[in-house]
Amino acid sequence: PSPSVCGGLSERGRVFPRCSALSFFRQSSRTIHSKMVDFISGLKNMIHEQAGVHGTVYFMQQARKSSSYSIESLDISSNSLWMIENERPNRGGIVMFDRPYRLKHIATNRYLVIQRDLDTDEDAPPTYLFILSPEMMGRESLFEFHALDEGHTYLRSSESFLRITHLQTGFWFHIAGPPKSADKESTTLYATLGISEKAFYEDVFAVTRAPAEHLNKLNLVMHHIQSLVAYIFAFSTHQHEYASPQMNKIVCSARTSLTQLILFCTQSTDANPLTRSGVPIKQNQRLLFDQDLHKLVIEVLKCPFEVPSWDFTPDGAPMIQLVNLRKPQFKSVHLICTLGYRLLRQMIRGTPEFAMQLSEYIPFMQKQLPYRLMVADTLMEIFKDNRHLLEQMDSDVLSCFVRLSNLKGKPQARYLNFLCELCVCDGVGIAKNQNIICQRMLEGQADLILPVRLDPITGEVQVQIPRGFSFDSNEQEDAVHEFTVEEMANERTLA
């Protein structure tokens, strides 16, 4: 099996003409989240985590039958892009065989390191860990490429087939597990990568430059991630006063990033992020999930309403109380939260596999339902045509949405629509949900059920509407009803 090897970036973001970036590893799922946690904790330097990196190899299914394949047809994860860096980074040149190089992970800007696990017993055989380190670590971070064809002395893109060894241990990179697919629609297989003392037939890899589009998109997303991390840090540490110019700049930057990421997820002519739907771009959605952006957005939704991470006093208070969110002075934070939920909705549209990754945050989202943040739209997208989640819903969750459907004595159309989504999946009814919702509606919300009759002459269903009866709007939330991209760009104050 032949994984792809992809083009690298310089520090200024330009593609090196003579450098390649490997795409046969996948970073730890905690890397971006760890960066965010370190930032929130007020640390100025990244913590050197000793976390294992699970290796994966990317190759097409037909690659086992034929040695020819197209890099454009590979479903490459953004976490699989690596840059080959010279042992002395200030020196360039072509990538030569049998010379030491470092492998730098582009998404996290960290080096791949193989270290012995010191926690194992002395009598047990030694075990080794793949680690992502922010620093160069001597021979532990150096690797050599070995050509299969003795006539080749340097990498020649897809013409080069090679084996890889770790300089410190002398071990060979080895495909340790059977290949498997990432999801049902993926054309790419994944295999666990390990190291072994002997070289096997499966240790052969191919080298190919990554499309520039992949690198440009990753750079764009990483830029916006930094804006969101700065927003989380500011609210989690109370670094600035809420109405200060510094906080205003941070909030405006985060708002712009959320807007651009919403536009990044779908194809549409609607430039308003609060109304944009369009056709989902699954490749871009996957890129955002690869970088754990959904976890970052959840922290954006939490941080203004939580006690600072450094405040251990009993009377510690958040910068904003959630119950005060709809007050005029906090409308910018209200808009940030609304855009956050809109982004989560766009990230999962049309893909139940992505929606499953948000299922663990459903209880948190329920707590923010009453504050007009378009939470119901996001929850509706999570449950839409997702039978696995719908069948697992308990009666407490369903009862909560039934109560919200008649908030303050006024029928809420958006929650009634949501209850409809919870009853049916792909045109087939979910009997358990139907029974619970019907029972709760008849017990406590009977005023929502209007009398109906069938006209014997016309065959039409007629509804008796009481005088003064009206539904609450299920469209734009009043705080952001007239939001436009131009207004957002020109707004300069938090109030």
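Buried means under 20% relative accessible area, exposed means over 50%, and partly exposed lies in between, with a 1.4 Å probe and protein chains only. The model discussed here is predicted, so local features need pLDDT of at least 70 and side-chain atom pairs count only at pLDDT 80 or more, while totals for chains, interfaces and linings use all residues. Residues are numbered from 1 along each chain as its sequence is written, and side-chain values use heavy atoms, with hydrogens and water left out.

**Overall architecture**

The protein chain holds 14 helices and 21 strands, taken as DSSP runs (helices H or I, at least four residues; strands E, at least two) and numbered from the N terminus. Of its 495 residues, 51% count as buried. Among contacts with a separation of 6 or more, 69% join residues 24 or more positions apart, a contact being heavy atoms within 4.5 Å. The accessible surface of the chain, about 24200 Å², belongs to carbon and sulfur atoms for 51%, as computed by the Shrake-Rupley method with a 1.4 Å probe.

**Aromatic pairs**

Seven aromatic pairs are found in the whole structure; rings of Phe, Tyr and Trp (its six-membered ring) pair if their centres lie within 6.5 Å, and planes under 30 degrees apart count as stacked, over 60 as edge-to-face and the rest as tilted. Two of the edge-to-face pairs are set out below.

| Pair | Centre to centre | Angle between planes |
|---|---|---|
| Phenylalanine 143 and phenylalanine 173 | 5.4 Å | 70 degrees |
| Tyrosine 242 and phenylalanine 330 | 5.4 Å | 70 degrees |

Phenylalanine 143 in strand β9 (residues 143-147) and phenylalanine 173 in strand β11 (residues 172-175) are 30 residues apart, so that their pair links distant parts of the chain. Phenylalanine 143 is buried, at 0% relative accessible area, and phenylalanine 173 is likewise buried at 0%. Together with Phe130, these two residues form one aromatic cluster.

The other pair spans 88 residues, from tyrosine 242 in the loop between α2 (212-237) and α3 (245-265) to phenylalanine 330 in the loop between α5 (293-302) and α6 (331-348). Tyrosine 242 counts as buried with a relative accessible area of 13%, and phenylalanine 330 is buried at 13% relative accessibility.

**A charge over a ring**

Lysine 302 lies over the face of phenylalanine 364, at 5.4 Å from the ring centre, where the criterion is NZ of Lys or CZ of Arg within 6 Å of the ring centre and within 35 degrees of the ring normal.
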